[in-house]
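Open your viewer and get ready to click around. We'll go stop by stop, picking something to select and then looking at what is there.

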There are 2 protein chains.
Amino acid sequence: MGILDFKLLEEIFPFWKDLTEAEKDEFARNTNLRNYEKGEHIHGGGQNCTGLIGIKRGRLRVYLLSEEGKEVTLFRLLQGDTCILSASCIVKNISFEIQVEAESQMELLIVNPSVYDKIAKENTAASSFMNELISMRFSEAMWIMEQILFMKLDRRLAIFLIEQSSLEESDIIKLTHQEIADHLGSAREVISRMLKYFSGEGMISVSRRGIKLLDREKLMKMM
Amino acid sequence: MGILDFKLLEEIFPFWKDLTEAEKDEFARNTNLRNYEKGEHIHGGGQNCTGLIGIKRGRLRVYLLSEEGKEVTLFRLLQGDTCILSASCIVKNISFEIQVEAESQMELLIVNPSVYDKIAKENTAASSFMNELISMRFSEAMWIMEQILFMKLDRRLAIFLIEQSSLEESDIIKLTHQEIADHLGSAREVISRMLKYFSGEGMISVSRRGIKLLDREKLMKMM
């Protein structure tokens with residue numbers, strides 16, 4: 001593959017305009033455009049350091065995975081977003097491991113971690129971007145932690161359904177009860193019971209086609 | 001108060017040796033040495049931005065607090081440690097609030113946040129320190145999050161008792177069941193029940209004097 005379109009790199013990486021011509025050239029030569037299918041694993045499950053990820057198209061999920069296979073979603077990233085936790089080898093003191101998977105067909109820009117590290121060492125804009133990104137993800141992770149710690153599961157489920165419906169731009173959420181449990185770090189049985197309760201209250205309907213939001217207002221009141 | 005002892009500042013802040021003479025002077029003039037009593041609140045509960053904290057002596061606890069008063073401990077900091085989350089106003093994208101309290105009599109160095117911010121903007125060593133500290137706390141917080149999510153409370157309690165005993169350098173842990181519950185983000189009744197179970201298994205004894213570790217080996221096996 002030839003050198004990537006500079007326009008695309010400029011759109012995704014805010015520090016692009018502050019790179020020198022030589023840095024731009026090196027960055028572009030060490031960035032790959034890759035396609036992923038829905039459900040495909042992008043990062044995690046080993047000592048690998050995939051690199052700085054920029055999303056050209058699609059949606060990905062960043063989550064924690066326990067040794068026993070339990071999951072919890074930390075955040076979702078959309079077109080134009082970037083992920084640095086998939087390049088933890090170049091971030092001093094980051095010692096936890098995340099998993100990244102494609103939630104739709106995706107096109108990703110993957111920047112070679114040592115090249116980005118080298119550029120960030122010479123260029124303040126590139127290193128500030130890295131640090132600001134880490135602080136942002138730290139805050140997002142702490143928000144999830146506060147939800148898990150302090151919020152009852154019925155409220156968390158209501159928030160998740162509303163957010164998921166807006167991500168999907170649809171009133172129908174096509175996720176299994178197990179998938180919802182994995183997002184929330186809960187168990188399938190607990191989610192099924194709570195969805196049944198929501199359904200009994202007329203907030204949603206549950207069918208083979210998925211979960212349909214019927215009364216958003218009532219659902220919002222739970223939040 | 002006059003200018004602080006440079007030797008003390010050098011011991012606590014690793015970037016000190018890389019500051020210019022003018023920066024050292026400004027940093028010292030804007031750092032206060034303050035005493036706190038055990039149990040005193042140091043930071044949190046408002047929009048305040050206390051500053052960069054360095055511990056000269058004593059132990060502090062950093063924790064999350066819910067609107068309903070539920071707590072969970074994120075980490076403890078000891079002599080020589082520093083805390084930047086108490087200066088979140090100068091860290092871009094940090095949007096969550098932590099609480100900091102003294103767990104013993106303490107002497108703290110508190111650096112004026114805008115002065116530290118100014119120095120970090122001109123001095124790479126000072127800004128790298130800030131970024132590495134944030135990544136370290138991010139990792140520690142994620143470790144706690146994984147414990148909460150993926151680990152049963154009996155294992156977390158066993159880990160807590162062992163760690164607390166080593167912090168206190170004593171086999172006797174002088175905390176109430178409520179205090180332990182606050183550390184672990186649990187409820188007093190649950191902790192009492194579990195301590196009773198540990199006690200029945202001969203791992204600890206519970207009396208008015210506190211919780212005594214009797215069989216460390218067995219306790220370690222729970223971890």
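Start by colouring chain A by domain: the assignment, automatic or from a database, gives domain 1 (6-140) and domain 2 (151-222). Before you click further, know that this is a predicted model, where local features need pLDDT of at least 70, side-chain atom pairs count only at pLDDT 80 or more, and totals for chains, interfaces and linings use all residues. Residues are numbered from 1 along each chain as its sequence is written, while chains are lettered from A and ligands numbered from 1 in the order in which they are written.

The C-alpha centres of domain 1 and domain 2 of chain A lie 30 Å apart. Where they touch, five residues of domain 1 of chain A are in contact with five residues of domain 2 of chain A; contact means that C-beta atoms, placed from the backbone, lie within 7 Å. On the domain 1 side, that makes one nonpolar, one polar and three charged residues. Here Ala, Val, Leu, Ile, Met, Phe, Trp, Tyr, Cys and Pro count as nonpolar, Asp, Glu, Lys and Arg as charged, and the others, Gly among them, as polar.

You'll find eight helices and eleven strands, which are DSSP runs numbered from the N terminus (helices: H or I, at least four residues; strands: E, at least two). The C-alpha trace of chain A spans about 60 × 30 × 30 Å along its principal axes. Of its 223 residues, 32% count as buried, meaning 20 or more other C-beta atoms within 10 Å of a residue's own C-beta, with 12 or fewer called exposed and anything in between partly exposed; C-beta atoms are placed from the backbone.

Next, bring in chain B and look at where the chains meet. The contact takes 26 residues from chain A and 26 residues from chain B. On the chain A side, helix α4 (residues 124-150) gives the largest share, 15 residues. That whole side of chain A divides into 15 nonpolar, seven polar and four charged residues.

Which residues touch the most other members of the largest nonpolar core? Select I84(A) and I84(B): they do, in a core of 108 residues. Such a core is a set of buried Ala, Val, Leu, Ile, Met, Phe, Trp, Tyr and Cys residues joined through C-beta atoms within 7 Å. Leaving aside neighbours within four places in sequence, I84(B) is in contact with L52(B), V91(B), M130(B), L133(B) and I134(B).

Stay in chain B and select helix α5 (residues 153-168) and helix α6 (residues 177-184). They pack at an angle of about 110°, with their axes 11 Å apart; axes are lines fitted to C-alpha atoms, for helices over the stretch in contact, and angles run from 0 to 180 degrees between N-to-C directions. So α5(B) and α6(B) are roughly perpendicular, the label for 65 to 115 degrees (under 35 is roughly parallel, over 145 roughly antiparallel, the rest oblique). Zoom in and you'll see R156(B), L157(B) and F160(B) of α5(B) meeting I180(B), H183(B) and L184(B) of α6(B).

Hop back to chain A for its own helix α6 (residues 177-184). Its buried residues are I180(A), A181(A), D182(A), H183(A) and L184(A), and they pack against β5 (71-77), α5 (153-168) and α7 (188-200) of chain A. After α6(A) comes G185(A), with a positive phi near 70°.

Last stop: S199(B), in helix α7 (residues 188-200) of chain B. S199(B) is partly exposed because 16 other C-beta atoms lie within 10 Å.

Technical notes: Contact = placed C-beta atoms within 7 Å.
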